[in-house]
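Please keep the sequence and the 3D view open while reading.

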Amino acid sequence: MTLSVRNVAVAAALGAALCTALAGCGGGGNSASGSGSGHQAARMGTPGTSTAPSSASSPGAPQAAGSSPAAAPPPAKAPTLAPGPNGLTPVFERAKQQTDKTVALTFDADMTSDQGPRAADGEHFDNPQLIASLRTLKVPSTIFMTGRWAEEYPDQAKAIGTDPNFEIANHSYSHHAFTSPCYGLPSLDAAAARADVDRAFAAFRTAGAVNTVPYFRFPGGCYNDQALRAISTAKVTAVQWDVVSGDAFAKDPDAVAEQVLTGVKPGSVVVMHCTRSAAPVTEEAVRKIVPELRKRGYRFVKVSELIGK
């Protein structure tokens, strides 16, 4: 089953912009996004027993040497969805309970494996002011982080990953495509894709992040049944979205805020970015979005709370 016409249209627009500097992150599904009845059943599954990945890749395993004494311990078992047919990785897009006015703001902390030289030249793939504003506004959030980002900004990764206000989810290590075509991203075969997920979780642990959850967001949002099968042994839930913020390379925070406010429904997952160079007005947009949604009666939650409903 392919993504809906609406999702394809807005996702393609976002992906086309992002591929300029981030090679397609957060773009949503394209023609490579899965087809077939198995894909439909794997998406929006029912909450299943949370089974952590093996010790080599377990996202919830704390690292004693890097833990913060002020941080709350991570949940023992973050909720996940039951596998789809033939054990396919399940896909979550929006809460099934759609009467409760909850919404999850998610932020992709993007950095591809080959962008080290750009960071060395002064390009900012982080956005500490956004994280500070989320703390000030008391907005629980899920950060989908690449392992390469955690390596570039280990202090920030640890600070985010030891703050109970946040949870860190996996956005791959390399930000290469898990299926092709995907906005020109280099693609990984099945074995490399599975190893890429493990490597990202390992990078989080090395940085000292403990509030990690077994959720995964495909680079570019591109996936199909083969991609879902390739990472099935990681025991993660793939997380997409139903609201595209349009913050990639946006210059008008009011326009970003309006797009989010127009799209949000009870149970929504909003995709935004935590990357100054590619999404420079996100922090300002968030400061407009949060009070307005609260005025409308919405409560902000992490993805784990939506999946747990």
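A charge sits over a ring if NZ of Lys or CZ of Arg is within 6 Å of the ring centre and within 35 degrees of the ring normal. Arg199 gives one case: its charged end sits over the ring of Tyr173, 3.8 Å from the centre. Arg217 gives another, lying over the face of Phe144 at 4.0 Å from the ring centre.

The model is predicted, so local features need pLDDT of at least 70 and side-chain atom pairs count only at pLDDT 80 or more, while totals for chains, interfaces and linings use all residues. Residues are numbered from 1 along each chain as its sequence is written, and side-chain values use heavy atoms, with hydrogens and water left out.

The chain as a whole comes next. It contains 11 helices and 11 strands; these are DSSP runs numbered from the N terminus, helices being H or I of at least four residues and strands E of at least two. Of its 309 residues, 59% are buried. Buried means under 20% relative accessible area, exposed means over 50%, and partly exposed lies in between, with a 1.4 Å probe and protein chains only. The chain exposes about 11500 Å², and carbon and sulfur atoms supply 54% of that area; accessible areas come from the Shrake-Rupley method with a 1.4 Å probe, and for residues only the protein chains shown count as cover. A contact means heavy atoms within 4.5 Å. Among contacts between residues at least 6 apart in sequence, 83% join residues at least 24 apart.

Aromatic rings also meet one another. Rings of Phe, Tyr and Trp (its six-membered ring) pair if their centres lie within 6.5 Å; planes under 30 degrees apart count as stacked, over 60 as edge-to-face and the rest as tilted. The structure holds 6 aromatic pairs. In one of them, the rings of Trp149 and Tyr153 have centres 5.0 Å apart and planes at 50 degrees, so this pair is tilted. Trp149 and Tyr153 are both buried. The rings of Phe218 and Tyr223 have centres 5.3 Å apart and planes at 20 degrees, so this pair is stacked. Phe218 counts as buried because its relative accessibility is 0%, and Tyr223 is buried at 0% as well. Ring pairs also join Phe218 and Tyr223 with Phe178 and Phe216 in a cluster.

Which residues does Ser141 touch, leaving aside residues up to four places away in sequence? They are Leu105, Phe107, Leu134, Asn165, Phe166, Glu167 and Lys302. Ser141 belongs to strand β5, residues 141-145, and is buried, with 0% relative accessibility. Its side chain reaches the backbone oxygen of Val139 at 3.0 Å. This is a polar contact: a pair of N or O atoms within 3.5 Å, where within protein one must be able to donate a hydrogen and the other to accept it, and residues adjacent in sequence count only if both atoms are side-chain atoms.

Charged side chains form a further set of links. A salt bridge is a side-chain nitrogen of Lys or Arg within 4 Å of a carboxyl oxygen of Asp or Glu, and the structure holds 13 of them. Arg276 and Asp126 meet in one, at 2.7 Å from N to O. The pair links distant parts of the chain, 150 residues apart: Arg276 is in the loop between β10 (268-273) and α10 (282-295), and Asp126 is in the loop between α3 (116-120) and α4 (128-136). Arg276 is partly exposed at 31%, whereas Asp126 is buried at 5%.

Arg135 and Asp163 form another salt bridge, at 2.6 Å from N to O. Arg135 lies in helix α4, and Asp163 lies 28 residues away in the loop between α6 (154-161) and β6 (166-170). Asp100, Arg299 and Glu305 are linked in a network of salt bridges.

The last stop is helix α9, residues 253-263, whose buried residues are Pro253, Val256, Ala257, Val260, Leu261 and Gly263. Their cover includes β9 (243-244), β10 and α10. At the start of α9, a side-chain oxygen of Asp252 reaches to within 2.9 Å of the backbone nitrogen of Asp254.
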